[in-house]
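Thank you for making the time this morning.

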Amino acid sequence: MTSKSPVRSCEDVDEAALSYAEVKALATGNPYIKEKMDLDIQVSKLKLMKANHTSQKYRLEDNITQHYPHQIAIFKERIEGFTADMEKYAKNKPEDKEQFFMQVGGKPYTDKKEAGTAIIAMCKEIKGINASADVGEYLGFKLNVTFDSFNNKFVMNVKGAMSHPMEVGTDPLGNITRINNALEAMPAQLEEAQTKLSNVEHQLETAKAEVDKPFPQEAELPRNWNVLQNLMPCLTWMKRAMMRLAWMTKPRNRKKHMKM
């Protein structure tokens, strides 16, 4: 026996010279197994973190080159469309709220109820699934009606540079009110498009700043991996030592070893 600690370096141990007690002490007290387990967990975690970082980088690159530019183009187009339609509406809208003029089916109407009734009549003539038809014009905007077969309703699109949808109901005056409400909603829709454009542009700049950032634990991963690889010779020796211990713990084999 020796007065030294049973926890030894692998290079310092001569397996052929080990006694039964020494092998048992080394096999049960060696810290390399725990260290390997800890390193295995750390390396696996770091590999997963790096894989996630790489995936995030690819997503950012796709967003920078494709998604965000596409969204920006859409919102800019909407802003231009709403701006043009608002200018048209402001130009053609009568100062007198009681003044009214609309063409439906090529016929002029100055009475709101009659115009609304004519719109309903033209809707009834639309046949076919998702069929559409131009039914008239109002304040410089084309009026197009489509039958939504899925929801079983008629939808009117008030068309300028943009399309402003509204549902056609059974109330003639209500339909005229809905058309005016669709046009009056344009300032709010313009503001919403401007806000969304600003958000996407900010997201694009943020993505550009993040995409080139390196993996924060880049140096830690190879360092832990190298330590783990350096442990392997010791662990190989440990495996042989434990196999020897298992052989020696059998009563018959132990007696043979004691006699040697």
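**Helix 3 and its surroundings**

Let me begin at the start of helix 3, where a side-chain oxygen of Asp-111 comes to within 3.1 Å of the backbone nitrogen of Lys-113. Before I go further, please keep in mind that this is a predicted model, in which local features need pLDDT of at least 70 and side-chain atom pairs count only at pLDDT 80 or more, while totals for chains, interfaces and linings use all residues. Residues are numbered from 1 along each chain as its sequence is written, and side-chain values use heavy atoms, with hydrogens and water left out.

Helices (H or I, at least four residues) and strands (E, at least two) are DSSP runs, numbered from the N terminus. Helix 3 covers residues 112-125, and its 14 residues reach 20 Å from the first C-alpha to the last, close to the 20 Å expected at 1.5 Å a residue, where the expected span is 1.5 Å times one less than the number of residues.

Which residues of helix 3 are buried? They are Ala-115, Gly-116, Ala-118, Ile-119, Ile-120 and Cys-123, and here buried means under 20% relative accessible area, exposed over 50%, and partly exposed in between, with a 1.4 Å probe and protein chains only. Their cover includes strand 4 (141-148), strand 5 (153-159) and helix 4 (172-184), among others.

Turning to the strands, strand 3 (residues 132-138) pairs with strand 1 in the antiparallel sense over two bridges, and strand 3 also pairs with strand 4, again antiparallel, over six bridges; two strands pair if DSSP finds at least two bridges between them. Gln-103 stands opposite Glu-137 in strand 3, and Ala-133 has Val-145 in strand 4 as its bridge partner. In the hairpin of strand 3 and strand 4, with two residues between the strands, Leu-139 takes a positive phi near 55 degrees.

Leaving aside neighbours within four places in sequence, Ile-179 is in contact with residues including Met-102, Ile-119 and Tyr-138, contact meaning heavy atoms within 4.5 Å.

Finally, the charged pairs. A salt bridge is a side-chain nitrogen of Lys or Arg within 4 Å of a carboxyl oxygen of Asp or Glu, and by this rule the count comes to six. One of the six joins Lys-142 to Glu-137, with the closest N and O atoms 3.4 Å apart; Lys-142 is partly exposed at 47%, as is Glu-137 at 29%. Another joins Lys-153 to Glu-167, with the closest N and O atoms 3.9 Å apart. Lys-153 lies in strand 5 and Glu-167 in strand 6, so this pair ties together parts that are 14 residues apart in sequence.

Definitions and conventions. A polar contact is a pair of N or O atoms within 3.5 Å; within protein, one must be able to donate a hydrogen and the other to accept it, and residues adjacent in sequence count only if both atoms are side-chain atoms.
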